[in-house]
Amino acid sequence: MKNKKDIVKKAKNIKLLACDVDGILTHGEMIVLNNGEEIKIWNVKDGTGYNQLSKISPKIKTAWITGRQSSQVEKHAKNMSIDYLIQNCINKMVALEKILKESGLKVSETAYIGDDIIDISVLKAARLSVCPMNACEDVKKYVDYVSILNGGEGIVREVIELIMKAKGEWKKSLDRYTC
């Protein structure tokens, strides 16, 4: 991990939280049925994190950029109220630039979570870059923070908490549940 103060400083300015799907929101494994449908297992903690983010910090936009195409991802993104979903994407930097243009945000306001070489261009460009502990070694060289969590174990929730705490908004989230 780079200097924690630097990471918190970067997190304060985040207005877009983007991430890969397989290996970040899931363990990177999938079940493919005979009819071709993919089954993924999602971490509930990430879902709770997205819920808190949308309720307490609705100005922070969210995006999923994935190299695969899956109707399950599309349905789950809708359920999680993800602002931007780009699937079947090989050049993730082009996808991020499209999102930034559409949203009016800047790459300097972006946090990105990725785990494999397809994510490196976006990890290098983002203001705050994070990968799971089980990311490939080539990715770890380019991130600000390597989580202690593996992909699919709540890493997105961890980053959401980091951003919300840096902005002084996490207490509001806790107050919703502690009377």
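Residues are numbered from 1 along each chain as its sequence is written, and side-chain values use heavy atoms, with hydrogens and water left out. Because the model is predicted, local features need pLDDT of at least 70 and side-chain atom pairs count only at pLDDT 80 or more, whereas totals for chains, interfaces and linings use all residues.

The chain contains eight helices and eight strands; helices (H or I, at least four residues) and strands (E, at least two) are DSSP runs, numbered from the N terminus. The C-alpha trace spans about 50 × 40 × 35 Å along its principal axes. For 179 residues, a compact globule would have a radius of gyration near 16 Å, and the value of 15 Å for the chain agrees with this. That radius is taken over C-alpha atoms, and the globule rule is 2.2 Å times the number of residues to the power 0.38. Of the 179 residues, 49% count as buried; buried means under 20% relative accessible area, exposed over 50%, and partly exposed in between (1.4 Å probe, protein chains only). Among contacts with a separation of 6 or more, 55% are accounted for by residues 24 or more positions apart, contact being defined as heavy atoms within 4.5 Å.

The accessible surface of the chain comes to about 9400 Å², and carbon and sulfur atoms contribute 52% of this surface. Accessible areas come from the Shrake-Rupley method with a 1.4 Å probe; for residues, only the protein chains shown count as cover. The chain carries 29 positive and 23 negative side chains, and the centres of these two sets lie 8 Å apart. Lys and Arg count as positive and Asp and Glu as negative, while His and the chain ends are not counted; the place of a charge is taken as NZ of Lys, CZ of Arg, CG of Asp or CD of Glu.

Six strands form an open sheet with parallel pairing, in the order β5-β4-β1-β6-β7-β8. Two strands are taken to pair if DSSP finds at least two bridges between them. In general, strands of a sheet pair through backbone hydrogen bonds, either parallel or antiparallel.

Within this sheet, β1 (residues 16-19) pairs with β4 (residues 61-65) in the parallel sense over four bridges, and Leu17 stands opposite Thr62 in β4. Strand β1 also pairs with β6 in the parallel sense, again over four bridges, with Ala18 opposite Tyr112 in β6. Strand β6 (residues 110-113) in turn pairs with β7 in the parallel sense over three bridges. Tyr112 has Ser129 of β7 as its bridge partner, and Ile113 has Val130.

The side chains of β6 and β7 were examined next. From β6, Thr110 and Tyr112 point one way and Ala111 and Ile113 the other way, and all are buried. From β7 (residues 128-131), Leu128 and Val130 point one way and Ser129 and Cys131 the other way, and all of these residues are likewise buried. The C-alpha atom of Tyr145 is separated by 9.6 Å from that of Met133, 12 residues away along the chain.

Ile39 belongs to strand β3 (residues 38-39). With 32% relative accessibility, Ile39 counts as partly exposed. Apart from its neighbours within four places in sequence, Ile39 is in contact with Met30, Ile31, Leu33 and Gln72. The C-alpha atoms of Ile39 and Val73 are separated by 9.4 Å, although these residues are 34 residues apart along the chain.

Two loop residues have positive phi values. Ser81, which is not a glycine, has a positive phi of about 55 degrees and lies in the loop between α3 (71-79) and β5. Its relative accessibility of 48% means that Ser81 counts as partly exposed. Asn88, also a residue other than glycine, has a positive phi near 55 degrees and is found in the loop between β5 and α4 (92-103). At 54% relative accessibility, Asn88 counts as exposed.
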